[in-house]
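Please keep the sequence and the structure in view while reading.

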Amino acid sequence: MTAAAQVLRLLAGRGETLAVAESLTGGLVAAELTSVPGASQAFRGSVTAYATPLKSEVLGVDAELLATRGAVDAEVARQMAAGVRRALGADWGAATTGVAGPDTQDGHPVGTVFVAVCGPCDAGKVTALRLNGGRADIRRESVRSVLELLSGELGGYASAQDTEHNGGN
């Protein structure tokens, strides 16, 4: 069973829903989820807030936080997950933000990624990743990592929290 299928099965079993906020993954998390038959039982939708101002304007991320720390930040990821949860009326929110390359961003090297989930209690959990590989590898591993984090929070499988990944290999 894929990570997306596992997440959707867990959510449906709990009668809960999910919304996703994506930056560096550009819609890949939503695509992975919607590739699973029956995804509409638990998946409400997504916001691809690729441009930094959208993180504040659409998802409610603190504008001062974005101005001082930039978009590649653990608290930004947490606020994105909480914001998409509120905006789309879901029980759970998940978010991805980071640097897929080819260039650094806000002083962060390529492969710096933060994935976050926020549940019904509005408490968020963020995982910091340092990923290796090319742009496609980093984006693919970010998708896997956010789905795995969410699965663990939902009480599903949780693999070792290894934050040194070799581009999804």
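The largest pocket holds about 200 Å³ of space. The model is predicted, so local features need pLDDT of at least 70 and side-chain atom pairs count only at pLDDT 80 or more, while totals for chains, interfaces and linings use all residues. Residues are numbered from 1 along each chain as its sequence is written, and side-chain values use heavy atoms, with hydrogens and water left out.

A pocket is an open set of points on a 1 Å grid over the protein atoms alone, where a 1.4 Å probe fits, with protein on both sides within 12 Å along at least five of seven lines; lining residues have an atom within 4 Å of a point. Grid points are joined across faces, edges and corners, and the volume is the space filled by probe spheres set on the points.

Of the 16 residues that line the largest pocket, Ser23, Leu24, Tyr50, Gly98 and Gln105 lie nearest its centre. Helix H3 (52–57) and strand E3 (92–98) each supply at least two residues of this lining. Helices (H or I, at least four residues) and strands (E, at least two) are DSSP runs, numbered from the N terminus.

The second largest pocket has about 170 Å³ of space. Its lining includes Thr2, Leu28, Glu32, Arg139 and Leu147. Helix H2 (28–34) and helix H6 (135–153) are the elements that give two or more residues to it, and H6 gives the most, with 6 residues.

Next come the cores. In soluble globular proteins, nonpolar side chains tend to be buried together. A nonpolar core is a set of buried Ala, Val, Leu, Ile, Met, Phe, Trp, Tyr and Cys residues joined through side-chain atoms within 4.5 Å. Buried means under 20% relative accessible area, exposed over 50%, and partly exposed in between (1.4 Å probe, protein chains only).

The largest nonpolar core has 32 residues, of which Leu18, Leu33 and Leu147 touch the most other members. Elements that each supply at least two residues of this core include helix H1 (3–14), strand E1 (18–22) and H6. H1 gives the most, with 7 residues.

Thr17 is found in the loop between H1 and E1. Thr17 counts as buried because its relative accessible area is 18%. Thr17 and Gly93 are 76 residues apart in sequence and 8.7 Å apart in space, C-alpha to C-alpha. Leaving aside neighbours within four places in sequence, Thr17 is in contact (heavy atoms within 4.5 Å) with residues including Leu11, Ala42 and Trp92.

Gly101 lies in the loop between E3 and E4. At 11% relative accessibility, Gly101 is buried. Leaving aside neighbours within four places in sequence, Gly101 is in contact with Val110 and Arg135.

How many disulfides are there? A disulfide is a pair of cysteine sulfur atoms within 2.5 Å, and the count is 0. The sulfur of Cys118 has its closest cysteine sulfur in Cys121, 9.2 Å away, which is too far for a bond. Cys118 is buried, at 0% relative accessibility, whereas Cys121 is exposed, at 75%.
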